[in-house]
Amino acid sequence: MTTTPPELYPPIEPYATHRIAVGDGHELYAEEVGSPDGIPAVFLHGGPGGGLVPGARRFFDPERYRLVLFDQRGSGQSTPLGELAGNTTGHLVADIEVLRRHLGIESWLVFGGSWGTTLGLAYAQAHPTLVTGLILRGIFLMRRSERDWFYQHGLKHLQPEEWERFTAPIPPAERHDVLGAYHRRLHGPDDEEARRCAAAWGRWEAVNSSLRSDPDLIAHLTEDERALPMARILSHYVLHGGFLDSETQLLDGVDRIRHLPAVLIQGRYDLCCPPFSAYDLARRWPEADLHMVPDAGHSALEPGITRALLAATDRFADLLDPADATPAA
(Lines give C-alpha, C1' and ligand atoms only; values in the text may rest on other atoms or scores of the structure.)
Protein backbone atom coordinates (compact mmCIF):
# COMPACT_ATOMS: atom_id res chain seq x y z
CA MET A 1 0.00 0.00 0.00
CA THR A 2 1.43 3.38 -0.99
CA THR A 3 1.83 5.98 1.73
CA THR A 4 2.74 8.88 -0.56
CA PRO A 5 0.28 11.71 0.08
CA PRO A 6 -1.81 12.47 -3.01
CA GLU A 7 -1.54 15.85 -4.65
CA LEU A 8 -4.49 18.18 -4.37
CA TYR A 9 -5.23 20.49 -7.26
CA PRO A 10 -3.07 23.65 -7.10
CA PRO A 11 -4.04 26.54 -4.82
CA ILE A 12 -6.61 28.75 -6.48
CA GLU A 13 -8.30 32.06 -5.76
CA PRO A 14 -11.98 32.80 -6.40
CA TYR A 15 -12.91 34.38 -9.71
CA ALA A 16 -16.01 35.86 -8.05
CA THR A 17 -17.22 36.54 -4.50
CA HIS A 18 -20.69 37.40 -3.28
CA ARG A 19 -22.49 38.70 -0.22
CA ILE A 20 -26.11 37.55 -0.19
CA ALA A 21 -28.82 38.57 2.27
CA VAL A 22 -30.87 35.50 3.21
CA GLY A 23 -33.21 36.92 5.84
CA ASP A 24 -33.32 37.02 9.65
CA GLY A 25 -30.49 39.56 9.53
CA HIS A 26 -28.04 37.03 8.04
CA GLU A 27 -25.73 37.75 5.12
CA LEU A 28 -23.75 34.92 3.53
CA TYR A 29 -20.27 35.07 2.07
CA ALA A 30 -19.92 32.92 -1.05
CA GLU A 31 -17.19 32.41 -3.64
CA GLU A 32 -16.78 30.72 -7.01
CA VAL A 33 -13.63 29.00 -8.22
CA GLY A 34 -12.65 27.08 -11.33
CA SER A 35 -14.35 27.56 -14.68
CA PRO A 36 -17.50 29.71 -15.02
CA ASP A 37 -18.68 27.27 -17.70
CA GLY A 38 -17.78 24.16 -15.70
CA ILE A 39 -19.88 21.53 -13.95
CA PRO A 40 -21.69 23.21 -11.06
CA ALA A 41 -20.88 21.88 -7.59
CA VAL A 42 -21.51 23.21 -4.10
CA PHE A 43 -19.18 22.63 -1.14
CA LEU A 44 -20.79 22.26 2.31
CA HIS A 45 -18.35 22.80 5.16
CA GLY A 46 -18.38 21.08 8.52
CA GLY A 47 -19.19 22.18 12.01
CA PRO A 48 -21.86 23.47 12.14
CA GLY A 49 -20.04 26.76 12.46
CA GLY A 50 -16.74 25.61 11.00
CA GLY A 51 -16.51 27.98 8.05
CA LEU A 52 -14.41 27.67 4.91
CA VAL A 53 -10.68 27.13 4.58
CA PRO A 54 -8.80 27.85 1.31
CA GLY A 55 -7.78 24.21 0.92
CA ALA A 56 -11.41 23.25 0.34
CA ARG A 57 -11.13 24.69 -3.17
CA ARG A 58 -8.49 22.14 -4.15
CA PHE A 59 -10.53 18.93 -4.32
CA PHE A 60 -11.97 19.79 -7.75
CA ASP A 61 -10.37 20.06 -11.19
CA PRO A 62 -10.60 23.83 -11.83
CA GLU A 63 -10.76 23.31 -15.58
CA ARG A 64 -13.86 21.13 -15.31
CA TYR A 65 -15.83 22.47 -12.34
CA ARG A 66 -17.62 25.64 -11.38
CA LEU A 67 -17.28 25.22 -7.62
CA VAL A 68 -19.39 27.29 -5.23
CA LEU A 69 -18.30 27.53 -1.60
CA PHE A 70 -20.02 29.53 1.13
CA ASP A 71 -19.89 30.18 4.85
CA GLN A 72 -23.07 28.99 6.51
CA ARG A 73 -25.09 31.28 8.79
CA GLY A 74 -22.99 32.68 11.62
CA SER A 75 -19.77 31.12 10.28
CA GLY A 76 -16.56 32.36 8.72
CA GLN A 77 -17.06 35.56 6.76
CA SER A 78 -20.85 35.40 6.93
CA THR A 79 -22.46 37.88 9.28
CA PRO A 80 -23.35 38.32 12.05
CA LEU A 81 -20.65 35.96 13.30
CA GLY A 82 -21.95 33.38 15.76
CA GLU A 83 -25.60 34.46 15.43
CA LEU A 84 -28.05 31.76 16.53
CA ALA A 85 -31.36 33.46 15.73
CA GLY A 86 -32.82 32.05 12.53
CA ASN A 87 -30.07 29.43 12.45
CA THR A 88 -31.38 25.87 11.99
CA THR A 89 -30.95 23.13 9.41
CA GLY A 90 -34.14 24.27 7.70
CA HIS A 91 -32.71 27.76 7.35
CA LEU A 92 -29.46 26.41 5.90
CA VAL A 93 -31.29 24.22 3.39
CA ALA A 94 -33.27 27.28 2.28
CA ASP A 95 -30.02 29.28 2.04
CA ILE A 96 -28.54 26.77 -0.40
CA GLU A 97 -31.56 27.33 -2.62
CA VAL A 98 -31.21 31.12 -2.37
CA LEU A 99 -27.57 30.75 -3.40
CA ARG A 100 -28.36 28.42 -6.32
CA ARG A 101 -31.01 30.76 -7.72
CA HIS A 102 -28.83 33.84 -7.15
CA LEU A 103 -26.07 32.26 -9.25
CA GLY A 104 -28.42 31.02 -11.97
CA ILE A 105 -27.47 27.37 -11.53
CA GLU A 106 -30.02 24.80 -12.68
CA SER A 107 -28.70 21.86 -10.63
CA TRP A 108 -25.45 20.90 -8.98
CA LEU A 109 -23.27 18.24 -7.42
CA VAL A 110 -23.34 18.29 -3.60
CA PHE A 111 -20.03 17.75 -1.77
CA GLY A 112 -20.01 17.69 2.03
CA GLY A 113 -17.86 16.50 4.89
CA SER A 114 -18.83 15.72 8.49
CA TRP A 115 -21.70 18.11 9.33
CA GLY A 116 -21.67 18.87 5.60
CA THR A 117 -22.95 15.33 5.03
CA THR A 118 -25.89 16.00 7.35
CA LEU A 119 -26.72 19.21 5.56
CA GLY A 120 -26.08 17.67 2.14
CA LEU A 121 -28.50 14.82 2.80
CA ALA A 122 -31.13 17.20 4.18
CA TYR A 123 -30.81 19.46 1.13
CA ALA A 124 -30.86 16.64 -1.42
CA GLN A 125 -33.88 15.01 0.20
CA ALA A 126 -35.72 18.35 0.18
CA HIS A 127 -34.75 19.14 -3.44
CA PRO A 128 -33.86 15.88 -5.22
CA THR A 129 -34.51 17.28 -8.70
CA LEU A 130 -31.89 19.99 -8.19
CA VAL A 131 -29.04 17.62 -7.28
CA THR A 132 -26.92 15.77 -9.85
CA GLY A 133 -25.08 13.60 -7.32
CA LEU A 134 -23.50 13.53 -3.88
CA ILE A 135 -19.98 13.08 -2.52
CA LEU A 136 -20.16 12.68 1.26
CA ARG A 137 -17.14 12.23 3.56
CA GLY A 138 -17.35 11.29 7.25
CA ILE A 139 -21.05 10.50 7.57
CA PHE A 140 -22.95 12.17 10.40
CA LEU A 141 -26.69 11.60 10.71
CA MET A 142 -27.19 13.62 13.94
CA ARG A 143 -28.72 10.67 15.78
CA ARG A 144 -28.58 10.48 19.56
CA SER A 145 -26.24 7.49 19.39
CA GLU A 146 -23.72 9.58 17.44
CA ARG A 147 -24.04 12.55 19.76
CA ASP A 148 -23.67 10.36 22.84
CA TRP A 149 -20.62 8.69 21.32
CA PHE A 150 -18.79 11.98 21.03
CA TYR A 151 -20.06 13.91 24.04
CA GLN A 152 -20.88 11.32 26.70
CA HIS A 153 -20.47 7.56 26.65
CA GLY A 154 -18.22 6.42 23.81
CA LEU A 155 -15.11 8.27 22.75
CA LYS A 156 -13.96 8.90 26.33
CA HIS A 157 -12.82 5.25 26.43
CA LEU A 158 -10.41 5.85 23.53
CA GLN A 159 -9.26 9.31 24.58
CA PRO A 160 -9.21 9.21 28.39
CA GLU A 161 -6.59 11.91 28.90
CA GLU A 162 -8.27 14.27 26.43
CA TRP A 163 -11.69 13.49 27.91
CA GLU A 164 -10.34 14.54 31.29
CA ARG A 165 -9.22 17.85 29.79
CA PHE A 166 -12.55 18.27 28.00
CA THR A 167 -14.65 17.70 31.10
CA ALA A 168 -12.40 19.69 33.46
CA PRO A 169 -14.50 22.90 33.14
CA ILE A 170 -17.65 20.98 34.14
CA PRO A 171 -18.35 20.25 37.84
CA PRO A 172 -18.50 16.50 38.59
CA ALA A 173 -22.15 16.77 39.57
CA GLU A 174 -23.03 17.86 36.01
CA ARG A 175 -20.91 15.38 34.06
CA HIS A 176 -23.83 13.00 33.56
CA ASP A 177 -24.87 15.49 30.83
CA VAL A 178 -21.67 17.00 29.46
CA LEU A 179 -23.34 18.46 26.38
CA GLY A 180 -26.05 20.20 28.38
CA ALA A 181 -23.53 21.53 30.89
CA TYR A 182 -21.36 22.96 28.12
CA HIS A 183 -24.37 24.48 26.36
CA ARG A 184 -25.41 26.34 29.53
CA ARG A 185 -21.93 27.82 29.91
CA LEU A 186 -21.26 28.61 26.26
CA HIS A 187 -24.56 30.50 26.09
CA GLY A 188 -24.53 31.83 29.63
CA PRO A 189 -23.95 35.33 31.02
CA ASP A 190 -20.34 34.77 32.17
CA ASP A 191 -18.27 35.69 29.11
CA GLU A 192 -14.96 34.64 30.67
CA GLU A 193 -16.32 31.21 31.55
CA ALA A 194 -17.84 30.89 28.09
CA ARG A 195 -14.47 31.57 26.48
CA ARG A 196 -12.68 29.04 28.68
CA CYS A 197 -15.27 26.43 27.81
CA ALA A 198 -15.06 27.29 24.11
CA ALA A 199 -11.31 26.67 24.11
CA ALA A 200 -11.76 23.28 25.79
CA TRP A 201 -14.60 22.43 23.39
CA GLY A 202 -12.49 23.39 20.37
CA ARG A 203 -9.57 21.28 21.54
CA TRP A 204 -11.81 18.21 21.94
CA GLU A 205 -13.06 18.72 18.39
CA ALA A 206 -9.56 19.20 17.01
CA VAL A 207 -7.75 16.30 18.68
CA ASN A 208 -10.37 13.86 17.42
CA SER A 209 -10.43 15.15 13.85
CA SER A 210 -7.58 12.98 12.56
CA LEU A 211 -5.60 9.90 13.49
CA ARG A 212 -2.71 12.10 14.59
CA SER A 213 -3.52 15.40 16.27
CA ASP A 214 -2.76 18.42 14.11
CA PRO A 215 -1.27 21.30 16.15
CA ASP A 216 -2.37 23.81 13.51
CA LEU A 217 -5.97 22.62 13.72
CA ILE A 218 -5.88 22.74 17.52
CA ALA A 219 -4.65 26.33 17.33
CA HIS A 220 -7.31 27.19 14.73
CA LEU A 221 -10.21 25.78 16.76
CA THR A 222 -9.05 27.31 20.04
CA GLU A 223 -8.18 30.82 18.84
CA ASP A 224 -9.99 33.31 21.02
CA GLU A 225 -11.87 35.13 18.26
CA ARG A 226 -12.98 31.90 16.56
CA ALA A 227 -13.56 29.43 19.37
CA LEU A 228 -16.62 30.93 21.03
CA PRO A 229 -18.76 31.59 17.91
CA MET A 230 -17.95 28.12 16.58
CA ALA A 231 -18.66 26.38 19.86
CA ARG A 232 -21.92 28.24 20.33
CA ILE A 233 -23.23 27.29 16.90
CA LEU A 234 -22.13 23.66 17.16
CA SER A 235 -23.58 23.17 20.64
CA HIS A 236 -26.79 24.90 19.52
CA TYR A 237 -27.24 22.35 16.74
CA VAL A 238 -26.10 19.25 18.59
CA LEU A 239 -28.19 19.90 21.70
CA HIS A 240 -31.28 20.26 19.49
CA GLY A 241 -30.59 17.18 17.37
CA GLY A 242 -29.81 19.28 14.32
CA PHE A 243 -33.39 20.57 14.33
CA LEU A 244 -34.41 17.48 12.37
CA ASP A 245 -37.94 16.14 12.55
CA SER A 246 -36.88 12.76 13.93
CA GLU A 247 -33.82 10.74 14.92
CA THR A 248 -34.00 8.82 11.66
CA GLN A 249 -35.09 11.59 9.29
CA LEU A 250 -32.05 11.33 7.03
CA LEU A 251 -32.23 7.54 6.82
CA ASP A 252 -35.97 7.56 6.26
CA GLY A 253 -35.56 10.10 3.45
CA VAL A 254 -33.09 8.03 1.44
CA ASP A 255 -35.79 6.73 -0.90
CA ARG A 256 -36.13 10.28 -2.27
CA ILE A 257 -32.52 10.26 -3.51
CA ARG A 258 -31.71 6.61 -4.23
CA HIS A 259 -31.75 7.36 -7.96
CA LEU A 260 -28.90 9.86 -7.59
CA PRO A 261 -25.28 8.75 -8.00
CA ALA A 262 -23.46 8.95 -4.67
CA VAL A 263 -20.07 8.19 -3.16
CA LEU A 264 -19.76 7.72 0.61
CA ILE A 265 -16.19 8.03 1.93
CA GLN A 266 -15.52 6.98 5.51
CA GLY A 267 -12.36 6.56 7.57
CA ARG A 268 -12.34 3.23 9.40
CA TYR A 269 -10.98 4.96 12.52
CA ASP A 270 -13.01 8.15 12.35
CA LEU A 271 -13.41 9.27 15.97
CA CYS A 272 -15.82 12.14 15.28
CA CYS A 273 -18.21 10.30 12.97
CA PRO A 274 -17.88 6.59 13.73
CA PRO A 275 -18.28 4.18 10.81
CA PHE A 276 -21.58 2.71 11.95
CA SER A 277 -23.35 5.76 10.51
CA ALA A 278 -21.81 5.30 7.05
CA TYR A 279 -22.65 1.61 7.23
CA ASP A 280 -26.26 2.28 8.26
CA LEU A 281 -26.64 4.80 5.44
CA ALA A 282 -25.15 2.42 2.88
CA ARG A 283 -27.52 -0.37 3.94
CA ARG A 284 -30.48 1.93 3.31
CA TRP A 285 -28.87 3.17 0.08
CA PRO A 286 -27.33 0.13 -1.63
CA GLU A 287 -26.90 2.01 -4.91
CA ALA A 288 -24.40 4.37 -3.22
CA ASP A 289 -20.70 3.54 -3.52
CA LEU A 290 -19.28 3.15 0.01
CA HIS A 291 -15.50 3.51 0.42
CA MET A 292 -14.35 2.47 3.88
CA VAL A 293 -10.78 3.79 4.00
CA PRO A 294 -8.86 1.31 6.17
CA ASP A 295 -6.06 3.52 7.49
CA ALA A 296 -7.78 6.86 8.06
CA GLY A 297 -9.69 8.86 10.62
CA HIS A 298 -11.91 11.88 10.07
CA SER A 299 -9.82 14.45 8.24
CA ALA A 300 -10.20 15.09 4.53
CA LEU A 301 -6.43 15.60 4.43
CA GLU A 302 -5.49 12.11 5.54
CA PRO A 303 -3.92 10.46 2.47
CA GLY A 304 -6.49 7.71 1.96
CA ILE A 305 -9.41 10.10 2.37
CA THR A 306 -7.87 12.70 0.06
CA ARG A 307 -7.19 10.09 -2.58
CA ALA A 308 -10.79 8.86 -2.45
CA LEU A 309 -12.21 12.38 -2.62
CA LEU A 310 -10.09 13.32 -5.64
CA ALA A 311 -11.05 10.09 -7.38
CA ALA A 312 -14.71 10.87 -6.69
CA THR A 313 -14.65 14.41 -8.06
CA ASP A 314 -12.75 13.25 -11.16
CA ARG A 315 -15.23 10.41 -11.64
CA PHE A 316 -18.20 12.75 -11.34
CA ALA A 317 -16.59 15.12 -13.84
CA ASP A 318 -16.64 12.27 -16.36
CA LEU A 319 -20.14 11.18 -15.35
CA LEU A 320 -21.71 14.64 -15.51
CA ASP A 321 -19.83 15.80 -18.59
CA PRO A 322 -19.02 12.63 -20.55
CA ALA A 323 -18.14 14.58 -23.70
CA ASP A 324 -15.20 16.04 -21.79
CA ALA A 325 -14.12 12.78 -20.18
CA THR A 326 -10.41 12.14 -20.08
CA PRO A 327 -9.54 9.24 -22.44
CA ALA A 328 -8.35 6.08 -20.74
CA ALA A 329 -4.61 5.58 -20.78
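Below is a quick tour, from the whole chain down to single residues.

This is a predicted model. The protein chain holds 11 helices and 8 strands. Its radius of gyration is 19 Å, close to the 20 Å that the globule rule gives for 329 residues, so the chain is as compact as a globular protein of that length.

**The chain as a whole**

- Along its principal axes, the C-alpha trace spans about 65 × 50 × 40 Å.
- Of the 329 residues, 55% count as buried.
- Among contacts with a separation of 6 or more, 72% are between residues 24 or more positions apart in the chain.
- The accessible surface comes to about 14100 Å², and 53% of that belongs to carbon and sulfur atoms.

**Helix α8**

- Helix α8 covers residues 224-239. At 1.5 Å a residue, its 16 residues should span 22 Å, and the end C-alpha atoms are 23 Å apart, which agrees.
- After α8 comes G241, which has a positive phi, near 60°.

**Two residues to look at up close**

- S235 sits in helix α8, and with 0% relative accessibility it counts as buried.
- The side chain of S235 makes a polar contact with the side chain of H187, at 3.0 Å.
- Leaving out residues up to four places away in sequence, S235 touches H183, L186, H187 and W201.
- D148 is found in helix α3. Its relative accessibility is 28%, so D148 counts as partly exposed.
- Apart from neighbours within four places in sequence, D148 is in contact with H153 and G154.
- D148 and A288 are 140 residues apart in sequence, and their C-alpha atoms are 27 Å apart in space.

**Cysteines**

- How many disulfides does the structure hold? The count is 0.
- A disulfide is a covalent bond between the sulfur atoms of two cysteines.
- For C197, the closest cysteine sulfur belongs to C272 and is 19 Å away, too far for a bond.
- For C272, the closest cysteine sulfur is in C273, at 5.8 Å, and this is also too far for a bond. The cut-off used for a disulfide is 2.5 Å between sulfur atoms.
- C197 counts as buried at 2% relative accessibility, and C272 counts as buried at 10%.

**Backbone details in the loops**

- A cis peptide bond, with omega about -5°, joins G47 and P48. P48 belongs to the loop between β3 (39-44) and β4 (65-70).
- Another cis peptide bond runs from T79 to P80, with omega near -5°. P80 is in the loop between β4 and α1.
- D24 has a positive phi, near 60°, in a residue other than glycine. You can find D24 in the loop between β1 (16-23) and β2 (26-34).
- M142, also a residue other than glycine, has a positive phi near 65°. M142 lies in the loop between β6 (131-137) and α3, and it is buried, with a relative accessible area of 1%.

Technical notes:
Residues are numbered from 1 along each chain as its sequence is written. This is a predicted model: local features need pLDDT of at least 70, side-chain atom pairs count only at pLDDT 80 or more; totals for chains, interfaces and linings use all residues. Side-chain values use heavy atoms; hydrogens and water are left out. Helices (H or I, at least four residues) and strands (E, at least two) are DSSP runs, numbered from the N terminus. The expected span of a helix is 1.5 Å times one less than its number of residues. Buried means under 20% relative accessible area, exposed over 50%, partly exposed in between (1.4 Å probe, protein chains only). The radius of gyration is taken over C-alpha atoms; the globule rule is 2.2 Å times the number of residues to the power 0.38. Contact means heavy atoms within 4.5 Å. Accessible areas come from the Shrake-Rupley method with a 1.4 Å probe; for residues, only the protein chains shown count as cover. A polar contact is a pair of N or O atoms within 3.5 Å; within protein, one must be able to donate a hydrogen and the other to accept it, and residues adjacent in sequence count only if both atoms are side-chain atoms.
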